[in-house]
Amino acid sequence: MNKPGPRQRWLILGALLLGTVAAAVFVEDDTAPPEPAERPAKRKLPASSEAMAGMVPTASLAPAEASPEKDETAGEKEETPETIDPFRTKSWFIAPPPPPPPKPRAPPLPFQFLGQLIEDGEVRVFIKDQGRHLVIKVGDVINGTYAVEEISAGKVVFVYQPLQERQVLATGAI
């Protein structure tokens with residue numbers, strides 16, 4: 001191929017310049033800038049399916065536009081078709097029910113074994129309860145919450161009255 005000479009180059013550049021100027025003149029000029037489309041406000045996505053169940057579709061929040069063909073005497077509203085958001089989040093996860101609360105338990109025994117006395121065939125046990133020294137036997141109720149159920153070799157069985165739960169205090173073998 002031959003290289004164009006300087007005269008041909010100027011002719012090509014001139015033709016391109018004329019074409020550009022003609023295109024600029026004949027194209028319609030919009031004087032008003034285009035109005036930006038109204039963007040919906042950003043919203044937080046729900047974290048769980050329970051929160052999604054309480055959401056209202058965006059189509060039901062939009063006001064219905066008045067129709068010129070609307071018959072005002074009939075008093076009926078024309079329904080607008082509901083729009084579906086193709087990018088909505090959908091989760092099929094159903095949270096399991098919470099576990100049942102644990103059964104109430106008796107507090108640990110507040111007693112400390114001090115000693116034991118066998119007198120006339122009756123066994124008495126010396127215990128310490130919150131700084132007080134007590135002498136107990138079978139059938140005694142302590143502070144209205146603990147009943148002495150059984151005293152046998154090596155143990156004292158208490159019943160925690162509010163829950164009827166048995167608790168054992170070790171005394172050592174006799």
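**Strand pairing and aromatic contacts in the predicted model**

Strand 6 and strand 7 (residues 165-172) pair in the antiparallel sense over seven bridges. Two strands count as paired if DSSP finds at least two bridges between them. Strands (E, at least two residues) and helices (H or I, at least four) are DSSP runs, numbered from the N terminus. The model is predicted: local features need pLDDT of at least 70, side-chain atom pairs count only at pLDDT 80 or more, and totals for chains, interfaces and linings use all residues. Residues are numbered from 1 along each chain as its sequence is written, and side-chain values use heavy atoms, with hydrogens and water left out.

Ala-147 faces Val-159 of strand 6. A hairpin of one residue joins strand 5 to strand 6. Strand 6 (residues 154-160) is mostly covered, with six of its seven residues buried. Buried means under 20% relative accessible area, exposed over 50%, and partly exposed in between (1.4 Å probe, protein chains only).

Four aromatic pairs occur in the structure. The rings of Tyr-146 and Phe-158 have centres 6.4 Å apart and planes at 85°, so this pair is edge-to-face. Tyr-146 belongs to strand 5 and Phe-158 to strand 6, so the contact ties together parts 12 residues apart in sequence. Rings of Phe, Tyr and Trp (its six-membered ring) pair if their centres lie within 6.5 Å; planes under 30 degrees apart are stacked, over 60 edge-to-face, and the rest tilted. Both Tyr-146 and Phe-158 are buried. Together with Phe-111 and Tyr-160, they form one aromatic cluster. Elsewhere, Lys-90 lies over the face of Trp-92, at 4.6 Å from the ring centre. Such a charge requires NZ of Lys or CZ of Arg within 6 Å of the ring centre and within 35 degrees of the ring normal.

An open sheet of three strands has the order 1-2-3, with antiparallel pairing. Its edge strands, strand 1 (111-119) and strand 3 (132-136), each pair on one side only. Strand 2 (residues 122-129) is joined to strand 3 by five bridges. Phe-126 stands opposite Val-135 in strand 3.
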